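These are my notebook entries on one protein. I set down what I looked up, step by step.

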Amino acid sequence: MATADNRYFSGMATRRPVRHTLTAATMTVALGLGLTACTADNSPSPTASSHTETASPTEEATPSPSAEPSADLSTPPARPAAMASPSADGAAAAASYFISLYPYAYATGDLTEWQAIADPSCEFCRMVADEVIALHDRGHSVVGPLTVVSASGIELEVRRWYSAEVVVDIGESTELDGDGHVVSTDGAGVYRTTYSLTWADGWRVDAVGLEPAATGT
């Protein structure tokens with residue numbers, strides 16, 4: 001059963017939905033959630049017409065293997081081999097890897113890998129980084145599992161623009177103080193996350209959207 005109250009995602013989607021043409025990632029007003037999206041100011045955003053002209057109907061990827069989760073939250077997940085190529089499968093792997101960095105960043109405060117792939121214009125990415133920094137500045141951390149349920153990608157323009165969708169299952173998370181004492185806990189939930197990505201000698205996450213996944217996803 002999806003919930004909007006998990007610590008990882010609470011407060012992250014606060015703006016009105018901005019629809020990505022091919023991902024249809026929106027938040028329902030009734031849930032009080034919105035899609036946080038951003039596009040680099042120095043590069044043109046894909047438009048509906050350009051997507052129609054450049055996207056191939058055969059380029060949608062089948063569900064892709066996700067990033068391997070760490071045995072513990074003290075180490076980041078390994079980068080999937082598929083991330084090495086600009087393709088629909090590569091986009092799915094990159095998005096899967098990016099969201100798999102969530103529990104590691106919250107647990108350790110290490111944002112090196114997160115910021116290496118997040119574009120500076122991505123508001124969602126920046127909000128997560130700010131929250132992680134504030135959390136660890138207080139001497140606190142958050143621990144909790146995140147599992148990638150499925151991941152798929154679409155090539156919008158050859159070797160340049162991509163879209164991806166990743167469904168994640170987040171277990172109960174716990175905030176700990178500097179002495180390891182429990183400060184609070186948050187419930188579990190299943191979320192549908194969507195991504196706009198760019199390939200330029202490597203992957204950049206330009207925008208992220210999220211919504212609670214439908215029951216049974």
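**Entry 1: the whole protein.** I noted at the outset that I was working with a predicted model. I counted four helices and seven strands. Reading from the N terminus, I found the order of elements to be α-α-α-α-β-β-β-β-β-β-β. The protein has 217 residues, and 49% of them count as buried. I recorded an accessible surface of about 10000 Å², with 52% of it belonging to carbon and sulfur atoms. I then looked at contacts between residues at least 6 apart in sequence: 65% of these join residues at least 24 apart.

**Entry 2: a sheet.** I traced an open sheet of three strands, in the order β1-β4-β5, with antiparallel pairing. Its edge strands are β1 (141-143) and β5 (182-186), each of which pairs on one side only. From one strand to the next, the twist averages 20°. I looked up how β1 meets β4 (residues 173-176) and found three bridges in the antiparallel sense. Among the residues involved, Val143 has Thr174 in β4 as its bridge partner.

**Entry 3: Tyr106.** I located Tyr106 in helix α2, which covers residues 88-108.

Methods:
Residues are numbered from 1 along each chain as its sequence is written. This is a predicted model: local features need pLDDT of at least 70, side-chain atom pairs count only at pLDDT 80 or more; totals for chains, interfaces and linings use all residues. Side-chain values use heavy atoms; hydrogens and water are left out. Helices (H or I, at least four residues) and strands (E, at least two) are DSSP runs, numbered from the N terminus. Buried means under 20% relative accessible area, exposed over 50%, partly exposed in between (1.4 Å probe, protein chains only). Contact means heavy atoms within 4.5 Å. Accessible areas come from the Shrake-Rupley method with a 1.4 Å probe; for residues, only the protein chains shown count as cover. Two strands pair if DSSP finds at least two bridges between them. Axes are lines fitted to C-alpha atoms, for helices over the stretch in contact, and angles run from 0 to 180 degrees between N-to-C directions.
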